[in-house]
Amino acid sequence: MTRFVLKRTGGALLVLLALSVIVYSLFYLAPGDPARLACGERCNPQQIAQVREQLGLNESSVAQYLHFLQGLVAGRDHSAGAGLVLHCDAPCLGLSYQTDQQVTELILTRLPATLSLALGALAIWLLVGVGTGLLSALRRGGITERLLTVLTLAGTGTPVFILGLLLLMAVCAYLQWLPFPTYVPLTEDPEQWAWNLLLPWLTLGLFESAKYARLTRSSTLETLAEDHIRTFRAYGVGERALVTRHAVRGAVAPVIALSAVDFGTMIGGAVLTESLFGIPGLGKTLIDAVRVVDLPVVVGVVLAIGTAVVVAGAVADLLYAAADRRVALA
Amino acid sequence: MALERSAPAPGAVPPGAGAGRQVWRRLRRRPSAVAAAAVLALLVLLALAAPLLAQLTGQDPNTYHDDLVDSARGGVPTGSFGGISADHWLGVEPGTGRDLFTRLLYGARVSLLVALGAVAVQTFVGVAVGLAAALGGRIAGQLIGRFTDVMIALPMLVIGIALTAVVPPDFPRPLLLVLIIGLLDWGGTARMVRAQALALRGLDFVDAARLSGGGGRLRIARRELLPSLAAPVITYAAIKVPTAIVAEASLSFLGVGVKPPTPSWGQMLSSAQTWFRADPAYVLLPAGLLFATVLAFTVLGDAVRTALDPREGSRLRVGTRKERKG
Amino acid sequence: MTQTLVEVAALTVDFPVGGADAYVRAVDGVSFTLEAGRALGIVGESGSGKSTVAAALLGLHRGTGARLSGTVRVGGTDVAAAAPAELRRLRGGTAAMVFQDPLSSLDPYLAIGDQIAEVHRIHSGASRRAARARAVEVLDRVGIADAVRRSRARPHEFSGGMRQRALIAMALACEPRLLIADEPTTALDVTVQAQILDLLHGLREERGLGLLLVTHDVGVAAESVDELLVMRDGSAVERGPVASVLAAPAEPYTRALLAAVPRLDGPRRTPDPAPAPASDGTTEPVVEAVGLRREFGRRGRRVAAVAGVSLAVRAGETLGIVGESGSGKSTLGRMLVGLVEPDSGQVRHGGVPATGITDGVQMVFQDPVSSLNPRRSIGESVADPLRAAGERDEAALRARVGELLERVGLEAGHYDRYPHEFSGGQRQRVGIARALAPRPRLIVCDEPVSALDVTTQAQVTALLAELQREFGIALVFIAHDLAVVRQVSDRVAVMRAGEIVEEGPVDEVYDRPAHPYTRRLLAAVPALDPGLAAERRTSRQEAFATA
Amino acid sequence: GPKGGADGAGAADGKPGAAGAPQKGGTLTVLNSEPQNDFDPARLYTSGGGNVPSLVFRTLTTRNREDGAAGTKVVPDLATDTGRPNADATEWTYTLKDGLKYEDGSPITTADIKYGIERSFAAELSGGAPYLRDWLVGGESYEGPYKDGGKGLDSIVVPDAKTIVFKLRKPEGEFPFVATQTQFAPVPKAKDTGAKYEEHPVSSGPYKVVKNENDGEHLSLERNEHWDEKTDEERKAYPDRIDVRSGLDSAVINQRLTTSAGPDAAAITTDTNLGPAELAQIGDNKELAGRVGTGHFGYINYIAFNPKVAPFDNPKVRQAVSHAINRTSVVNAAGGSALAEPATTFLPEREAFGFAPYDHFPAGRTGDPAKAKELLKEAGFPDGLTVTLTHSTAQNRQTSPEVATAVQQALAAAGITVKLEGLENNAFNERRWDAKNTPGFFLSRWGADWPSGGPFLAPIFDGRQIVTGGSNYNHAQLDDPAVNAEIDEIAKLTDLAAAGKRWGALDKKIGEQALTVPLFHPVYKRLVGKDVKNVVISDWTGVLDISQVAVK
Ligand SMILES: Nc1ncnc2c1ncn2[C@@H]1O[C@H](COP(=O)(O)OP(=O)(O)OP(=O)(O)O)[C@@H](O)[C@H]1O
Ligand SMILES: Nc1ncnc2c1ncn2[C@@H]1O[C@H](COP(=O)(O)OP(=O)(O)OP(=O)(O)O)[C@@H](O)[C@H]1O
Ligand SMILES: [Mg+2]
Ligand SMILES: [Mg+2]
């Protein structure tokens with residue numbers, strides 16, 4: 001276990017390093033001059049030059065990257081005007097070009113919202129997706145299965161922005177069962193937190209669940225064809241128990257593997273849902289930052305996503321090894 | 001021997017071609033599979049025949065009809081159901097009055113091409129990487145795993161924006177889209193394949209193949225693991241189609257997508273999103289087509305999945321409804 | 001008073017294969033009855049339809065596409081007509097089944113104790129806790145040591161024999177009136193086999209348990225049943241009280257069957273006139289193991305499956321390895337071919353230290369089910385090594401594969417069939433054909449014939465011997481059947497708990513066993529004579545009672 | 001002609017929003033899409049003091065908070081008047097009103113105003129408008145108070161705590177407009193925390209910031225007890241509390257306002273317009289239509305030519321394009337006639353801008369392809385020609401693909417094949433602002449920083465404003481001495497009405513060269529919650545004035 005953790009930590013550092021290098025290089029390709037964007041539309045060349053200097057964009061790209069690494073390890077100082085020098089403690093991801101906010105701080109304030117969204121969605125797709133997958137494996141060939149197929153596919157086949165908007169319209173505007181969601185941090189009011197996240201969770205969860213339903217169903221059927229199922233059938237174990245107790249385990253591996261990926265990408269990728277429901281999460285932050293070439297924020301958020309992906313992957317491997325002891329931890 | 005009496009005469013199935021034919025035969029026996037294939041074939045046909053059909057209706061996907069929209073009310077089509085008329089079979093687009101029928105047809109060309117191409121690339125890369133990770137030994141497995149992590153964590157958007165500056169303007173856009181979506185979004189497939197392959201790897205038949213294959217990992221992957229992986233991979237690929245279509249739309253907003261006025265379903269869907277109360281037809285048409293495509297793919301994918309399984313016909317059917325009914 | 005427990009009349013079973021209306025007749029008009037508390041043995045060669053009959057008793061063919069005709073009644077229930085609920089009660093409650101393939105018949109994800117408890121609860125409605133207790137109890141009863149702890153293990157942590165015992169335990173847990181055992185002891189070593197057979201016997205006497213024993217081992221049948229049904233090609237050849245069938249078989253087929261049964265006192269393999277080219281004695285052994293050691297499990301619970309084994313096999317020589325289940329035979333075999341890396345020690349092929357898989361080394365696997373890819377036709381599996389060797393010509397390939405299939409007693413036309421269409425024994429033969437294909441220098445046979453009927457067994461062992469002579473192949477022959485090992489081996493090694501306790505030429509070890517464990521093994525071998533078997537059983541019980 | 005701020009039919013007095021006299025009290029909710037990331041007066045780039053910021057920052061002058069055209073006037077705020085110029089308008093003097101206090105009760109002084117302006121020169125606090133840097137003597141080289149060793153900017157003189165004098169490099173008759181910008185808000189030096197000041201800027205207005213979460217995403221404002229309404233004629237400050245929630249999707253904002261459930265009944269938005277689909281949806285719904293206000297902002301969307309690029313060096317080609325344009329399609333692409341007014345002039349149709357009507361190359365409602373073809377023939381393109389139109393891929397309905405395709409369609413009828421080159425928004429801006437590499441034919445837009453012809457025409461047509469290496473807005477790179485001279489002359493006028501006339505004439509004159517094809521001026525439709533009263537939308541910003549609304 002310790003070995004596993006050590007190995008994964010090493011791997012994670014590698015991943016993060018690679019990510020930061022990629023983002024830094026892409027950034028030099030991307031259109032848009034960050035100094036001009038930070039300065040404002042009608043800045044004159046001198047002002048832009050000043051801002052460029054202030055942001056440290058005059059240095060060579062390698063030097064900038066090295067500074068970034070230095071900040072990560074040892075922290076950095078930034079002049080903030082008014083004789084103030086802001087110290088950014090290690091691991092320092094720098095200051096946002098646009099808002100001067102510390103990126104580490106920014107990510108820490110955005111992460112809870114994103115995590116809230118992703119965790120709830122995860123729960124929903126596991127519940128709904130795996131549930132309907134099992135049900136349709138159990139009722140295979142029947143009308144229930146066809147209905148479930150169509151329903152879950154309707155979830156996937158509808159782009160998430162339309163699904164979310166439809167839900168909002170129906171639940172908040174038309175039926176008025178719920179107020180329009182406003183993000184409330186968990187620490188502030190757990191009950192309001194859950195109520196306000198209900199629709200976003202449903203949107204993302206339902207959108208993802210068809211994938212899981214199909215996957216669960218097909219893996220379950222696969223397992224149902226195995227010999228050990230015959231044993232239990234020969235002992236009078238009912239069809240339902242066969243599916244839910246025995247066959248489902250065959251579906252565990254792909255579901256866990258995929259959930260880890262989806263969960264990881266959701267940390268940075270649920271942009272549409274986040275902006276539709278006004279959730280102050282990382283996805284929106286990233287999109288906004290990309291649009292204005294706010295490199296420190298982009299790098300920071302991508303690194304946060306990378307960390308999430310690595311952690312989710314490691315957790316998935318652990319879960320998977322726990323579920324199927326035949327698999328050794330690599 | 002026991003089997004002589006009733007076994008199919010040797011030679012009844014031509015050597016080598018046995019498996020493929022059997023799959024095809026099994027596929028043809030399922031009405032739902034046939035229907036799904038027909039729907040897809042029809043869609044592809046319609047897409048291919050778009051210019052012909054456009055001629056038939058006398059419409060063009062890009063011609064504006066300012067007289068068919070109510071400019072004072074945001075450009076909503078005049079007339080009911082989104083402006084359906086003898087000329088415009090499915091009505092017109094709000095704001096421009098462009099003919100929806102022809103736009104949907106032309107849109108199908110881009111969307112199907114991009115989505116299928118991208119999913120094909122994703123699946124290919126995902127399976128290759130997943131298998132390599134499962135079979136490549138410890139260190140290779142670790143490295144590939146981390147590489148997959150990197151790719152999963154790279155937001156498509158960041159790449160998309162960077163690419164707008166790099167890709168020459170005359171690079172074929174659909175190909176670019178296929179490459180971006182295909183080469184960036186294979187992490188899920190790879191992870192899933194790896195997980196499955198790891199589970200299969202422990203079975204004796206893989207050991208047996210290792211002993212007889214002269215150590216060729218590629219051969220083992222292809223011969224021993226791929227057939228068993230086909231089921232989840234096909235299922236997954238079918239479900240990735242709409243994601244790819246929507247990804248195409250979001251990339252279009254970054255300027256990486258197909259150039260206007262060329263329509264695509266993804267673009268139509270995203271510009272339609274605010275219209276679903278004022279002009280539901282505008283949303284429902286592309287959404288309905290997308291849904292039909294996805295449904296057809298899934299049904300067909302399922303059918304191929306079972307048809308690929310030689311055990312179907314005997315074991316897969318064990319304990320189905322028939323049994324419950326006694 | 002006796003009561004008819006099983007009534008089978010004119011049972012015919014056809015399986016669909018491949019094409020639209022192609023069927024294989026697996027069982028052809030079989031009739032028999034079984035009274036409560038009695039035992040019926042079905043013997044016959046591999047593929048003769050034994051398992052198919054057994055499965056029909058529980059209605060396991062329902063819904064599979066197989067066509068059945070005739071009637072099957074079990075415990076008064078008409079299996080073909082029973083409602084699903086009734087059928088579920090019958091399965092496990094009235095009649096419980098022990099399957100042929102021990103390795104794949106248990107849920108790989110669940111603890112063994114939980115699996116048994118689950119089945120028990122369905123039929124007894126016991127509480128979770130009681131069911132678990134019962135699971136431990138039955139596991140203990142079938143001879144699993146430390147049952148409380150082992151009940152928490154999952155199937156892959158059990159050796160093949162232990163899994164089979166777990167399956168029997170599962171059957172016992174439900175206290176059925178009829179036990180259908182499909183090759184229940186095939187995977188077991190003789191000492192445990194004897195225990196199990198004694199156990200079954202005891203249960204029968206104690207509770208009037210009916211027993212339908214499907215086996216290809218006539219010896220096992222002789223020890224355990226009252227009546228014998230001999231099958232061939234799906235039909236019943238002969239039926240009668242066990243003593244009379246064994247003593248005075250009426251049919252020529254039965255006589256041939258009995259003649260093929262290997263006996264401890266039967267003829268031994270004639271030592272090769274000249275152990276092939278390597279007669280000068282200076283050549284290196286084909287395979288040599290030095291101080292092999294391999295442990296399994298995580299820290300704290302590590303088990304040394306093989307604990308320091310050294311051996312050597314020369315070209316043209318057969319080394320038999322016997323030992324009880326879990327003694328490390330398979331692990332040793334896998335290390336010899338390079339599928340498992342030793343923790344310490346070294347394997348040398350032709351004097352060269354080997355790591356990983358080496359050319360010219362093959363293995364026949366213990367489990368015929370999982371050793372064949374269910375998604376590929378058997379012909380393709382057999383052709384693999386040929387393709388790897390560079391053969392490209394499809395026709396030549398097919399011809400060669402056909403030849404190999406025929407050589408192991410299958411047909412050339414089976415090339416395009418899939419594993420699930422074969423009986424257990426047939427699958428094992430495919431595995432042997434695959435191992436033979438690349439003309440290896442060494443084949444490690446892990447229980448190659450334990451799933452085979454005696455006639456095929458004789459055929460296969462003869463075949464192996466023939467090939468060995470022809471090509472100078474070195475064989476490592478792992479088996480728990482002492483009689484078979486004796487028949488085929490030049491030397492024999494007896495393993496116990498990961499170590500070789502005794503090794504030597506066959507005659508020496510069998511005739512003058514030095515180690516008490518070897519002596520115990522030999523005493524457990526079943527005898528063909530039911531009278532003798534009963535005698536031995538009582539002596540075993542007495543020994544147990546006084547111990 | 002100029003329109004009033006409201007066209008709602010619901011309310012009795014013709015004003016949009018709920019009927020009845022506005023009263024103090026209650027909580028106003030603001031639902032916005034853009035968070036108030038910058039809340040530092042030095043960093044804000046606003047037209048007339050912004051919206052939420054103008055509740056916290058008072059400036060020397062401010063915009064007249066009235067509906068429609070009346071709202072384009074400059075009025076005093078902290079100062080007693082809109083400024084007293086010297087004879088040639090190179091020196092402007094202001095005097096503070098009495099009794100002005102910060103939220104902590106301390107008095108507001110002119111030194112604080114000077115300091116506030118000075119810090120807007122610091123590179124750390126970049127983002128504000130460029131005018132002070134260009135206009136103040138020494139402004140071009142000043143680097144802000146953090147680097148000047150306490151010397152300050154000499155061209156801002158503070159003779160006493162109530163007086164402040166600005167010394168300009170050249171005459172600027174429109175200085176009072178610039179004095180409305182947040183850089184003119186007082187910042188007490190002792191409270192300056194540099195880049196962190198925006199977390200809690202010191203209020204001089206009717207509200208103070210009590211909570212600023214997630215970098216301006218959630219703001220809570222409460223009454224500033226030290227603000228004295230007697231010193232402030234402009235801000236009404238009816239609600240007790242203001243709760244700003246931003247980061248919301250615009251469709252959701254409009255939907256929430258439509259539904260007006262719970263606190264949303266007392267909600268407004270200051271940055272989200274109604275889109276075409278929403279307008280279509282409101283349709284005949286009287287109640288909803290009665291809650292929609294209309295605003296205009298000095299803004300032009302146009303096609304820009306770069307006459308250095310062939311074939312646009314040929315005036316006939318530019319004229320042909322002008323004649324061919326179909327403004328109906330373009331207006332529809334921009335959201336329909338309710339959201340865009342077709343334009344043939346560069347200046348908006350508002351008196352404040354000095355609007356003078358003209359249509360030099362009449363295209364009618366839907367274009368005149370015949371005339372265009374004729375001109376092309378004269379220009380030497382009898383068989384038509386192929387050109388590339390550069391546009392952005394931003395979804396703004398201004399420089400976006402919708403408008404580009406509408407242009408493409410219209411020109412096709414005149415035999416001009418248009419290839420579209422859609423660029424990501426940043427790339428698009430870099431291209432069109434790059435004097436060396438400006439495309440020949442592209443979509444562009446311009447908005448004025450205050451309602452006058454000056455900020456409209458000078459950046460676009462003044463030859464001395466051609467910049468290389470910075471942002472160049474003079475796309476045509478017109479450097480006509482007559483135009484330059486006229487711009488300078490008008491800048492000297494402090495009589496804004498007289499100046500307006502001359503701006504209009506200048507526009508008409510430049511228009512003859514067909515350097516641009518004016519397409520449309522946008523119109524803004526703003527929806528408010530059902531309990532919101534006293535909706536004021538001026539033609540200065542076109543945005544609902546948050547300082548006027550009441551929720552009781
Ligand atoms: N699902 C199936 N589909 C097609 N053929 C089958 C199927 N199951 C069994 N058979 C065929 O039916 C025949 C009888 O098989 P069965 O498993 O009953 O044999 P068996 O007597 O138990 O043999 P063994 O001792 O090797 O286990 C064999 O020829 C086999 O190939
Ligand atoms: N992959 C594994 N993980 C953990 N333990 C294992 C593994 N493989 C084998 N073992 C353990 O090693 C020991 C020896 O197993 P092995 O399979 O070699 O026995 P065997 O002699 O072949 O038994 P059998 O005759 O029953 O097949 C057993 O205790 C078994 O539980
Ligand atoms: Mg059998
Ligand atoms: Mg073994």
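The model is predicted.

Chain C is divided into two domains. Domain 1 spans residues 4–260. Domain 2 is made of the segments 287–295 and 303–530. The centres of the two domains, taken over C-alpha atoms, are 27 Å apart. Their contact takes 36 residues from domain 1 of chain C and 34 residues from domain 2 of chain C. About 2700 Å² is buried between these domains. Carbon and sulfur atoms account for 61% of that area.

Both domains of chain C take part in the ligand 2 site. Each gives at least three residues to the shell around ligand 2. The shell holds 16 residues. Those that come nearest are C:Glu157, C:Ser325, C:Ser330, C:Thr331 and C:Gln366. By class, 10 residues of the shell are polar, four are charged and two are nonpolar.

C:Thr331 places a polar side-chain atom 2.5 Å from an oxygen atom of ligand 2. For C:Ser330, a polar side-chain atom lies 2.6 Å from an oxygen atom of the ligand. C:Glu157 takes part through its backbone: a polar backbone atom of this residue is 2.7 Å from an oxygen atom of ligand 2. On its own, ligand 2 has 630 Å² of accessible area, and the protein covers 81% of it.

Two elements of chain C give two or more residues to the shell around ligand 2: helix H6 (160–173) and helix H11 (329–337). Of the elements, H11(C) gives the most, with three residues. The range of helix H11 takes in the positions of C:Ser330 and C:Thr331, whose side chains supply two of the polar pairs described above.

A further contact joins chain B and chain A. From chain B, 58 residues take part, and from chain A, 65 residues. The area buried between the two chains is about 5500 Å². Carbon and sulfur atoms give 71% of this area. On the chain B side, the residues that lose the most area to chain A are B:Arg146, B:Ile239 and B:Phe276. Together these three residues make up 10% of what the chain B side buries.

Terms used. Residues numbered from 1 in each chain as written. Chains lettered and ligands numbered in written order. Predicted model: local features only at pLDDT ≥ 70, side-chain atom pairs only at ≥ 80, totals over all residues. Heavy atoms only, no water. Near = heavy atom within 4 Å. Polar contact = N/O pair within 3.5 Å; in protein donor to acceptor, adjacent residues only side chain to side chain. Areas by Shrake-Rupley, 256 points an atom, 1.4 Å probe, with all protein chains shown as cover. Helix = DSSP H or I, 4+ residues; strand = E, 2+ residues; numbered from the N terminus. Nonpolar A, V, L, I, M, F, W, Y, C, P; charged D, E, K, R; others polar. Domains from an automatic or database assignment. Contact = heavy atoms within 4.5 Å. Buried area = accessible area lost by both parts, 1.4 Å probe.
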